[in-house]
Amino acid sequence: MLRKTRLFTPGPTPLLPAAQQAMAFYDMHHRTADFKTLLSKTLADLKEFIGTKNDVLILASSGTGAMEASVSNLTSPGDKVLVLTAGKFGERWTGLAKAYGCAVEVLSAPYGETFSLDEVKAKIAGAKVVYMQGTETSTGARHDVQGVAKLVRAEADCLLVVDAITGLGTTHFDVDGWGIDFIIGGSQKALMIPPGLAYCAVSEKAWQRMETSKNPRFYFDLRKERKSQVKGETAYTPATTLIAGMGAALTHIRQMGNGDLVEGRKALIDSAEMCAELTRVAALALGLKLFAAKCPAAAVTAIAVPENIDSSVLVKDFRESFGAVAANGQGEMKGKLIRVAHLGYYDYLDTVAFAAALEQVLSRAGAAIVFGTAVKAVQEAYSQKTAGKPELAGVKS
Ligand SMILES: *Cc1c(COP(=O)(O)O)cnc(C)c1O
């Protein structure tokens, strides 16, 4: 049977054809006027995509590179930092901050949940930086960035760093209004291009911190990178091809907003929110439990599988029968979850396809499934949600 590869994973995600074409043809040397134009335009568009007036940087690394840069550039050994964690990516903050000698205070919530603002308030005093995720990709949970930002702003000398690697393009953040000092994204998520770029927006307060912070840094010395990037240059050889792809993806998002990139970003977020909601409807219709039921993210939905079924079997069947890659649970959650992303180049029909395939793999794994249950629920919810809202259905007005 013909199998069409479908990435349902929370990174890498399906590639935008226009970005693939831009990458295939890009062979420009980076010390040229043409590349300068491309980089300057991409950085300007990226600011609109992130929704900030702060300076934005693109780094040649996976997302974790920018996470590390936010630790090495903003902290000194012995600094108290507060890590808010409720999953595998939250735990990465703890590892990073410890590697740089910070005195790490950890506030953790159980997997699938989020922390309460009262708990944050109780632990924030004296913290130089608060590190958190916007959306915790390992559990499908969404955290209250706005609420945490308010608490951070009440502190005299505390910065807020948000790993929004799956949050950007799926979740609304008012970066400057709320006061997010350092927000991080990655190319292989909602931007619809391959892995290899991290990007971040940095507040003036955070740039100032870098002048006095003492942790070592070299490749990720952001002050150095900033000096180059404001001129359309980079400190070291940039990932030119990926930047061409990113430029094309941002142009596509602008087109989604009929020429307005901010509107395009909102349309992308609305689309992810809708696909996530429809996926939750599908799971519940099949009698499955949502792992982050109380605070579900639009980036990724984690579905808890029935106890007598190993989700590894479902993920394998998805891949072998349909060429579709869904994600298993990570760490202790392995075998218990199936995770499907709604990031970037992912739409309503993908959602229907996922729901239909989920019925098949569950049925083959022994679950009592009435075919069409999930698909019917998705269809009905979609019809209700989009009634009178052609823009949500993707119809240009
Ligand atoms: C994908 C992801 C990362 C980055 O992982 P890399 O493999 O370094 O790109 C970090 N945080 C979250 C929440 C993610 O989803």
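## Basis of the model

The model is predicted, so local features need pLDDT of at least 70 and side-chain atom pairs count only at pLDDT 80 or more, whereas totals for chains, interfaces and linings use all residues. Residues are numbered from 1 along each chain as its sequence is written, and side-chain values use heavy atoms, with hydrogens and water left out.

## Overall form

The protein has 14 helices and 15 strands. Both kinds of element are DSSP runs numbered from the N terminus: helices are H or I runs of at least four residues, and strands are E runs of at least two. The radius of gyration is 21 Å, close to the 21 Å that the globule rule gives for 397 residues, so the protein is as compact as a globular protein of that length. This radius is taken over C-alpha atoms, and the globule rule is 2.2 Å times the number of residues to the power 0.38. Along the principal axes, the C-alpha atoms fill a box of roughly 65 × 50 × 40 Å.

Of the 397 residues, 56% count as buried. Here buried means under 20% relative accessible area, exposed means over 50%, and partly exposed lies in between, with a 1.4 Å probe and protein chains only. A contact means heavy atoms within 4.5 Å. Among contacts with a separation of 6 or more, 70% are made by residues 24 or more positions apart.

## Two domains

The domain assignment gives domain 1 (6–12 + 260–393) and domain 2 (17–256); such bounds come from an automatic or database domain assignment. The C-alpha centres of domain 1 and domain 2 lie 27 Å apart. At the meeting of the two, 32 residues of domain 1 are in contact with 33 residues of domain 2.

## Nonpolar cores

In soluble globular proteins, nonpolar side chains tend to be buried together. A nonpolar core is a set of buried Ala, Val, Leu, Ile, Met, Phe, Trp, Tyr and Cys residues joined through side-chain atoms within 4.5 Å. The largest such core has 60 residues, of which Leu-46, Phe-49, Ile-50, Leu-160 and Ile-183 touch the most other members. Helix H10 (residues 240–256) supplies the largest share of this core, 8 residues. The core draws at least three residues from each of domain 1 and domain 2.

Ile-50 illustrates these surroundings. Leaving aside neighbours within four places in sequence, Ile-50 is in contact with Val-56, Leu-168, Phe-173, Val-175, Ile-183, Tyr-199, Ala-201 and Arg-265. A second, separate core of 35 residues includes Leu-278, Leu-288, Tyr-348 and Ala-374.

## A four-stranded sheet

An open sheet of 4 strands has the order S11-S12-S15-S14, with antiparallel pairing. Two strands pair if DSSP finds at least two bridges between them. The edge strands, S11 (289–290) and S14 (327–328), each pair on one side only. Strands S12 (residues 300–304) and S15 (residues 337–341) run antiparallel and are joined by 5 bridges. Helix H11 (residues 261–285) packs on the sheet and touches S11, S12 and S15, its direction making about 10° with that of S12. Axes are lines fitted to C-alpha atoms, for helices over the stretch in contact, and angles run from 0 to 180 degrees between N-to-C directions.

Within S15, Leu-337 is the bridge partner of Ala-304. Arg-339 in S15 is the bridge partner of Ala-302 and also of Ala-327. S14 and S15 pair in the antiparallel sense over 2 bridges. Helix H12 (residues 311–322) lies across S14 and S15, running at about 40° to S15. Strand S15 is mostly covered, with 5 of its 5 residues buried. Leu-337, Arg-339 and Ala-341 are buried on one side of S15, and Ile-338 and Val-340 are buried on the other.

## Backbone details

A cis peptide bond, with omega about -5°, joins Gly-11 and Pro-12. Pro-12 is placed in the loop between strand S1 (6–7) and helix H1 (17–25).

Met-192 is not a glycine, yet its phi is positive, at about 65°. Met-192 lies in the loop between strand S9 (182–186) and strand S10 (197–202), and is buried, with a relative accessible area of 2%. Asn-258, also a residue other than glycine, has a positive phi near 50°. Asn-258 is found in the loop between H10 and H11 and is exposed, with a relative accessible area of 60%.
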